[in-house]
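Colleague: I have a structure open and a few things to ask about it. Can you take me through some of the contacts and surface features?

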Amino acid sequence: MESLNNKSRSYEFRIVTFMFLAWGFVFLDRTALSYIMPVLVDSLDLTNGQVGQINMWQTIGYAIAGPLVGMYSDRTGKRKPLLIAAILSTAIFSAISALATSYPLLLAVRFLVGASEGPILPLAVSMVASASLAGRFGRNVGIVNAGVAVISGTLGPTLVTQLVSFTNWHMAFVIVSIPSIILAILIWRFTEEVPSAPVVEQQSQPEKKNGIFEALKYRNIVMCILINISMMTGFWILAAFAPLYLTSVGNYSIEKMGLIMSLMGIVTIITSILVPLFSDYFGRKSALMIFALLAGLAPLGLYLFPTSIGGSASLILCGGLFGAIAPIYMSIIPEETMPVHLRATSSALIIGIGEIMGSFILGGSGTLADSYGLPFVMIVAAISGLVITLLSIGLIETNPRKKQKGSSVELDQNEIVS
């Protein structure tokens, strides 16, 4: 039976606040690696190829574990205990990174960090959906997603780099993991389990068997998968290599690098809201084409002007656009394209395939950087923005306004939002 707490405004606020903080801090557990990487390269004598491989396997762990735990959660109806376990394990493995004394150990631990974090967002969104009052689910998920931009993207770079400066990289990993542990305890103590829906589960089982093949029959889904592969390439190259690029090629201090990344995070908070809003008025295709092209200016600016204000300004203004366009093709286009029983499957396909393929491209870019220099990966990231723009031409526009539909589009509160 559904708890009375789940129907209250105060409980809704509590859940959204916890998930905003939890998603922001566990994402910081994952991305702290990039901000600490300039020090790790010297301490562990890492090559650019090894930097790429570490980030690649962290992302592969994320992509593999998310769908597997999600399917188990759907089958058993468990949300809260799995979420708590995932948050705790992410924090613990992130802290254990402090003990890594070699490349193989660091790679193994970061794979476990990614695998632990993979299920968190779908489980968190499920709990938010259960607590959301009518008509507020989309807004609440938007707030949860903003946790990444605020905590990991804006506060994170300065926090982590200052910790490294005042302590060392070992302690930085440990201290950054503490908030996630605290939030896991708070979620355990002050939240309710999501009510199960066994009837819906039984009805949806036949659809899940052939959902993947059905989804791939839609042109928009195939195009969105290809777009996500390209986006993950640009996004993770900037996340993994921009801090290292600023310090090694741009000759910035680690403190100034952290400030630049934090300023980029502030701009990302704004663009994360404005880009989807732009797509509401001017179309999904137009938004993807324009802002993907602008996203490519961030790595291009770093390549052309690594030591001047032009390079850092392009990163600050445009570096967050790869992430800002993601909700359009991960959630909005599948929701407006697909029948209800294929929306979740379509989103999972787009996210999973994109994460895995993008991670391999990221790993390969690091290896090639050893031969051709670190600026090479910035060219790869810039090209990925252009590729997204070209692929977006092949999309079928789904915006109801652009299609001049008179009827409003009903939001499905069971869709996956990421």
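Modeller: One term before we start: contact means heavy atoms within 4.5 Å. Also, this is a predicted model.

Colleague: Fine. With that cut-off, what is phenylalanine 291 in contact with, leaving aside its neighbours within four places in sequence?

Modeller: Val275, Phe278, Leu321 and Ile325. Phenylalanine 291 itself lies in helix H11.

Colleague: Is phenylalanine 291 buried or exposed?

Modeller: Buried: the relative accessible area of phenylalanine 291 is 15%, and buried means under 20%.

Colleague: And isoleucine 290, which helix is that in?

Modeller: Isoleucine 290 is also in helix H11.

Colleague: Which residues form the nonpolar patch on the surface?

Modeller: Ile290 is one of them, together with Leu294, Leu297, Leu300, Tyr303, Leu304 and Phe305. Their accessible area together is about 590 Å². Two elements give two or more residues to the patch: helix H11, residues 284-295, and helix H12, residues 297-304.

Colleague: Which element gives the largest share?

Modeller: H12, with four residues.

Colleague: Changing topic, helix packing. How do the axes of H10 and H13 cross?

Modeller: At roughly 35 degrees, and the axes come within 7 Å. H10 covers residues 254-282 and H13 covers residues 309-318.

Colleague: Which residues meet there?

Modeller: From H10, Ile260, Met261, Leu263, Met264 and Val267; from H13, Ser312, Leu315, Ile316 and Leu317. By type, the contact of H10 with H13 has eight nonpolar residues, one polar and no charged.

Colleague: Now the other end of my list. Where does threonine 90 lie?

Modeller: In helix H3, which spans residues 80-96. Threonine 90 has a relative accessible area of 0%, so it is buried.

Colleague: What is threonine 90 in contact with, again leaving aside its neighbours within four places in sequence?

Modeller: Val26, Asp29, Val113, Ser116, Glu117 and Ile120.

Colleague: And leucine 82, on the same terms?

Modeller: Leucine 82 is found in helix H3 too. Sequence neighbours within four places aside, leucine 82 is in contact with Val69, Tyr72, Ser73 and Leu123. The C-alpha atoms of leucine 82 and glycine 70 are separated by 9.5 Å, and these residues are 12 apart along the chain.

Notes
Residues are numbered from 1 along each chain as its sequence is written. This is a predicted model: local features need pLDDT of at least 70, side-chain atom pairs count only at pLDDT 80 or more; totals for chains, interfaces and linings use all residues. Side-chain values use heavy atoms; hydrogens and water are left out. Buried means under 20% relative accessible area, exposed over 50%, partly exposed in between (1.4 Å probe, protein chains only). Patches are made of residues with over 30% relative accessible area and no salt bridge: like charges are joined within 9 Å, nonpolar side chains (Val, Leu, Ile, Met, Phe, Trp, Tyr) within 5 Å. Accessible areas come from the Shrake-Rupley method with a 1.4 Å probe; for residues, only the protein chains shown count as cover. A salt bridge is a side-chain nitrogen of Lys or Arg within 4 Å of a carboxyl oxygen of Asp or Glu. Axes are lines fitted to C-alpha atoms, for helices over the stretch in contact, and angles run from 0 to 180 degrees between N-to-C directions. Ala, Val, Leu, Ile, Met, Phe, Trp, Tyr, Cys and Pro count as nonpolar, Asp, Glu, Lys and Arg as charged, and the others, Gly among them, as polar.
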